[in-house]
Amino acid sequence: MSDTALRPTSLLGDASVMLGRSVRLSVRNMDALFTALFLPVMLMLLFVYLFGGAINTGTEYVTYVVPGVLILCAGFGSSLTAVGVSQDMNGGIMDRFRSMDIKGASVLTGHVISSMARNLLSTVLVLAVAFLIGFRPEANPLQVLGAIGILLLFVLAFSWISAAIGVVSRSVEAANGFGFFVLFLPYPSSAFVPIETMPTWIHGFAEHQPMTPVIETMRALLLDQPLGNSAWLALAWCGGLLVAGVLAATFAYRRRVS
Amino acid sequence: MPEQPAIEATGLEKAYGEVRVLRGVDLQVARGSVFSLLGPNGAGKTTTVRILTTLLPADAGRALVAGYDVREQRSLVRRSISLTGQDTAIDELQTGEENLRMMGRLCRLPRRRAAARATELLDQFDLTESGSRRVGTYSGGMRRRLDLAASLIVRPEVLFLDEPTTGLDPRSRQQVWEVVTDLTRSGVTIFLTTQYLEEADRLADQIAVVDGGRIVAQGTAAQLKQQVAGHRLDLVAADRRAFDALTGHLGARVVAPVPERLTFSVATDGTANHVRAVLDEIDPARRAVARFTVHSATLDDVFLALTGHTTTQQEKETAGV
């Protein structure tokens, strides 16, 4: 393709316009926003007050469960990217964007960055409610930032995976299905109960799935405990998923649109 | 050297698996003209538009739009065109103004310029009052107008309109027609697809009739109408036996026979002499033909004569291609 530019095409400029668009669309999609913001809070209250009394984790249950709720919230929040992307892919607007010489990846980038903004908001909300019901982290500000940082890296990686799912989904409903999968992924991990209490056959999966090291890292940082190798594992998982997600999304996008 | 056409396509072919959607389409569209691709659903109209707007690669053939090759110079083509597709390409959750401003920014206008252009367009398309409302609350006609406005942020060399009035009520259709007529005055080349003969007749300088992935006729509305001899003689047979005998006698000259209603038509020049001669020829005993009417040919007749079916007949069977 010869691309003698008459006007500069800038991925960054296009992506920032697309980000504004995605943010407006998510803020105005009240149902989805409400679910993304309040479902995690409801689940946290449910775990702490209804199940928490029966679960013995060696600490206050709320202290144990907050990182798990945060990851549940982040996973579900990221998966909404698939819905937004697939709405675009299956509607008329993609044809217009493509016929306008806009960098293709900018549409996906806009959705991913807006997903990060949305998740940051819901993370803050969960932490605020957690604090109200007795969560007292023992972390210094740097550790808190570290915990939020690793969570956002996880959100970035999962949002790109979601974007890829959104691109290949032939309907919005199919893209929605990914959200349910992600919603259940934290259960077989150390999110809500210690893995040792689970049947042995599931240990292998629960210990080695990507959410566990991210949760363990956040837990260690927030409670000022030794990190062990969980931070490296979490970074490796998130980095790997991020690369895979970006490649899959852009590859699928090119396949789908040409 | 003659001026280069706005669109020049030769031998475009496209197949989806076994289904051959385009079987060698050739087109030439003069700069500043309105060109209409007329045909039923599934004839290959949208596929042609998607190829010409770089959204879909053709299996064979070559196309130049605004002088650039749609395959080799995709970016340059994209900078010269605008597309208003069949599906509305605006965000329901954004206001009309936000949609236009966003498109302006994506056309790389500076922020302030984009806002000013949005205001101008809202005014031009009679949407100023609804500009601050979300598109979700708009009527079909308003959406279509906004959609058109969004494709005119920067004046394109070639504007593609894929069935711009399908599904609109008559009043909204009229409004879209006015917009298109205004645009032609500003020198934009317009490539328009439609299933409506009236629309092509009204807007287009040149019409190409497409059916089954091929151009079956091309010319001005007047030229096309001449192809069916200008007038049409509609006949009603006395009974089924007479119907069979009459249509049998006429053979290939029969247009639109409907056995259940005993009706069929024949092309005529509309003179009394010719009508009398046709009647005498096919019904010398003066018993087989019950009634007749003569009227001047419409584009519908052209379509029927060229393709053997009306524009609406095969819609559902081939929809979606």
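Predicted model: local features only at pLDDT ≥ 70, side-chain atom pairs only at ≥ 80, totals over all residues.
Residues are numbered from 1 along each chain as its sequence is written, chains are lettered from A in the order in which they are written, and side-chain values use heavy atoms, leaving out hydrogens and water.

Let's start with the interface. Chain B brings 34 residues to the contact and chain A brings 30 (contact means heavy atoms within 4.5 Å). Together the two chains bury about 3100 Å², with 50% of it on carbon and sulfur atoms (buried area is the accessible area, with a 1.4 Å probe, that two parts lose on being put together, summed over both). On chain B's side, Arg79(B), Leu106(B) and Arg108(B) supply 26% of the area buried against chain A, more than any other three residues.

There are six salt bridges between the chains (a side-chain nitrogen of Lys or Arg within 4 Å of a carboxyl oxygen of Asp or Glu). One of them joins Arg28(A) and Glu98(B), at 2.6 Å from N to O.

Now for the rings. The whole structure has twelve aromatic pairs (Phe, Tyr or Trp rings, using the six-membered ring of Trp, with centres within 6.5 Å; planes under 30 degrees apart are stacked, over 60 edge-to-face, the rest tilted). Two stacked pairs are listed here:

| Pair | Centre to centre | Between planes |
|---|---|---|
| Tyr61(A) and Tyr64(A) | 6.2 Å | 25 degrees |
| Phe154(A) and Phe158(A) | 4.5 Å | 25 degrees |
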